[in-house]
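Student: Please give me a close look at a single part of this model, moving through it residue by residue. I would also like to see how its surroundings are tied to the rest of the chain.

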Amino acid sequence: QVQLVESGGGLVQAGGSLRLSCAASGRIFSINDMAWYRQAPGKQRELVAGITGGGSPNYADSVKGRFTISRDNAKKTVYLQMNSLKPEDTAVYYCNADMVTLLRRGIYWGQGTQVTVSS
């Protein structure tokens with residue numbers, strides 16, 4: 001069974017840091033673009049950061065200069081280093097990946113990890 005599993009969320013004070021990880025597992029032939037999204041209560045899910053298969057990153061304006069996305073292809077893992085966290089960063093963070101698996105090529109989602117930033 002192919003899955004994405006996030007970890008690293010938690011409660012942190014404003015100005016603090018967290019590092020999220022998302023590991024893919026299962027019968028995976030290749031992973032293309034990977035990304036982190038977030039969804040705050042009452043709001044739509046939004047793109048936070050993405051990274052291509054070649055390692056080129058892109059960021060939402062709201063996190064530029066504070067968040068860094070990276071990936072380790074050997075470990076099939078994408079990371080999100082979050083610094084200078086603000087209360088408005090509070091949300092459930094989801095990773096997603098465009099993967100070619102035994103069954104299909106498509107977009108897979110993780111189950112989400114809660115990030116709470118206190119003021």
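Tutor: Let's begin with Lys76, which is found in the loop between strand S7 (67-72) and S8. Strands here are DSSP runs of type E with at least two residues, numbered from the N terminus. A word on the basis: this is a predicted model, in which local features need pLDDT of at least 70 and side-chain atom pairs count only at pLDDT 80 or more, while totals for chains, interfaces and linings use all residues. Residues are numbered from 1 along each chain as its sequence is written, and side-chain values use heavy atoms, leaving out hydrogens and water.

The backbone of Lys76 deserves a look: its phi is near 55 degrees, a positive value in a residue other than glycine. With 30% relative accessibility, Lys76 counts as partly exposed, a class that lies between buried (under 20% relative accessible area) and exposed (over 50%), using a 1.4 Å probe and protein chains only.

Now step into the strand. Tyr79 lies in S8 and is buried because its relative accessibility is 13%. Contact means heavy atoms within 4.5 Å; by that test, and leaving aside neighbours within four places in sequence, Tyr79 meets Arg19, Leu20 and Ser21, then Trp36, and then a run consisting of Thr68, Ile69, Ser70, Arg71 and Asp72. Tyr79 and Ala35 are 44 residues apart along the chain, yet their C-alpha atoms are separated by 9.2 Å.

Leu80 also has its place in S8. Its relative accessible area is 0%, so Leu80 is buried. Beyond four places in sequence, the contacts of Leu80 include Leu18, Val48, Ala49, Phe67 and Tyr93. Trp36 touches Leu80 as well as Tyr79, and Ile69 likewise meets Leu80 and Tyr79. For a contrast in sequence and space, take Leu80 and Thr101: they are 21 residues apart in sequence, and their C-alpha atoms are 24 Å apart.

Leaving the strand, you reach Ser84 in the loop between S8 and S9. Ser84 is not a glycine, but its phi is positive, at about 50 degrees. Its relative accessible area of 41% makes Ser84 partly exposed.

Further along comes Asp89, which forms a salt bridge with Arg38, the closest N and O atoms being 2.9 Å apart. This pair links distant parts of the chain, 51 residues apart: Asp89 sits in the loop between strand S8 (77-82) and S9, and Arg38 in strand S4 (residues 28-39). A salt bridge here is a side-chain nitrogen of Lys or Arg within 4 Å of a carboxyl oxygen of Asp or Glu. Arg38 is buried at 6% relative accessible area, and Asp89 is buried at 1%. Salt bridges with shared partners join Arg38, Glu46, Arg66 and Asp89 into one network. Within it, the side chains of Glu46 and Arg38 meet at 2.7 Å, N to O. Glu46 is partly exposed, with a relative accessible area of 35%.

The structure holds five salt bridges, and one of them pairs Asp61 with Lys64 at 3.1 Å, N to O. Asp61 is exposed, at 65% relative accessible area.

Asn96 is buried at 9% relative accessible area, and its contacts, not counting residues up to four places away, are Leu4, Asp33, Met34, Ala35, Tyr37, Ile107, Tyr108 and Trp109.

Definitions and conventions: Helix = DSSP H or I, 4+ residues; strand = E, 2+ residues; numbered from the N terminus.
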